[in-house]
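Student: Can you walk me through this one? I'd like to know what sits where.

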Amino acid sequence: MAGAPSICPTLVYTDAKAAIKLLTEAFGFTEVAVYEGEDGSVLHAELAYGNGMVMLGSKGKGGVFDTAMADAGPAGVYVVVEDVDAHHKRAVEHGVEILMEPTDQDYGSRDYMSRDPEGNIWSFGTYAPGAA
């Protein structure tokens, strides 16, 4: 699949709809697809940022993945952004918990770190793994 991401972090949330709202409104992800169950739960969602994607769904819906993730702790996701300070400002305006303000790193990146309401750590910065 040319152009499709090769790796997609996949998360489960107690309130997947709130997670989608946070990721799109505060972090600038684009909603690609959201499939809901009859009860309104999120069976599967795909959100894009740049050439990457994250998939998520509601906890407690059954299935092998949901069962395997039942006791999993929070996850950490790193997202490459062009303007860390502008991205950080947007997140702050939406009430996101900031763990580390935008900081210049010794390895040349500028990053900030945040935590979503369900404990997942979202880092945003200019470091692009594998870029020459």
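This is a predicted model: local features need pLDDT of at least 70, side-chain atom pairs count only at pLDDT 80 or more; totals for chains, interfaces and linings use all residues.

Student: OK, where is Val 81?

Tutor: Val 81 is in the loop between β5 and α3.

Student: And is Val 81 buried or exposed?

Tutor: Buried, because its relative accessibility is 4%. The cut-offs are under 20% relative accessible area for buried, over 50% for exposed, and partly exposed in between, using a 1.4 Å probe and protein chains only.

Student: What does Val 81 touch?

Tutor: Leaving out residues up to four places away in sequence, Val 81 touches Tyr 49, His 87, Phe 124, Gly 125 and Thr 126. A contact here is heavy atoms within 4.5 Å. As for Ile 20, 61 residues from Val 81 along the chain, the two C-alpha atoms are separated by 19 Å.

Student: Let's do the core. Which residues in the largest nonpolar core touch the most other members?

Tutor: Leu 23, Phe 27, Phe 29, Leu 56, Trp 122 and Phe 124, out of 24 residues in that core. At least two core residues come from each of β1 (10-13), α1 (16-26), β3 (42-49), β4 (52-58), β5 (76-80), α3 (84-93) and β8 (121-125). The largest share is from α1, with six residues. By nonpolar core I mean a set of buried Ala, Val, Leu, Ile, Met, Phe, Trp, Tyr and Cys residues joined through side-chain atoms within 4.5 Å. In soluble globular proteins, nonpolar side chains tend to be buried together.

Student: What does Phe 29 touch?

Tutor: Not counting residues up to four places away in sequence, Phe 29 touches Leu 23, Thr 24, Leu 47, Ala 48, Tyr 49, Val 54, Val 79, Trp 122 and Phe 124.

Student: Back to α1. Which of its residues are buried?

Tutor: Ala 16, Ala 19, Ile 20, Leu 22, Leu 23, Thr 24 and Ala 26. They pack against β1, β2 (30-36), β3, β4, α3 and β8. After α1 comes Gly 28, with a positive phi near 80 degrees.

Student: New topic. How many salt bridges does the structure hold?

Tutor: Six, counting a side-chain nitrogen of Lys or Arg within 4 Å of a carboxyl oxygen of Asp or Glu. One of them joins the side chains of Lys 17 and Glu 36, at 3.6 Å from N to O. Lys 17 is in helix α1 and Glu 36 in strand β2, so this pair ties together parts that are 19 residues apart in sequence. At 41% relative accessibility, Lys 17 is partly exposed, and so is Glu 36 at 46%.

Student: And what does Asp 39 form a salt bridge with?

Tutor: Lys 61, with the closest N and O atoms 2.7 Å apart. Asp 39 lies in the loop between β2 and β3 and Lys 61 in the loop between β4 and α2 (64-68), so parts 22 residues apart in sequence are tied together. Asp 39 is exposed at 56% relative accessibility, whereas Lys 61 is partly exposed at 38%.

Student: How about Arg 115, what is its partner?

Tutor: Glu 97, where the closest N and O atoms are 3.2 Å apart. That pair links distant parts of the chain, with Arg 115 in strand β7 (residues 110-115) and Glu 97 in strand β6 (residues 97-104), 18 residues apart. Also, Asp 85, Asp 104 and Arg 110 are joined into one network by salt bridges that share partners.

Student: Next, Asn 120: buried or exposed?

Tutor: Asn 120 counts as buried, at 7% relative accessibility, and it is found in the loop between β7 and β8. Its side chain makes a polar contact with the side chain of Tyr 13 at 3.4 Å. A polar contact is a pair of N or O atoms within 3.5 Å; within protein, one must be able to donate a hydrogen and the other to accept it, and residues adjacent in sequence count only if both atoms are side-chain atoms. A polar atom of the Asn 120 side chain also lies 2.8 Å from the backbone nitrogen of Ala 75.

Terms used:
Residues are numbered from 1 along each chain as its sequence is written. Side-chain values use heavy atoms; hydrogens and water are left out. Helices (H or I, at least four residues) and strands (E, at least two) are DSSP runs, numbered from the N terminus.
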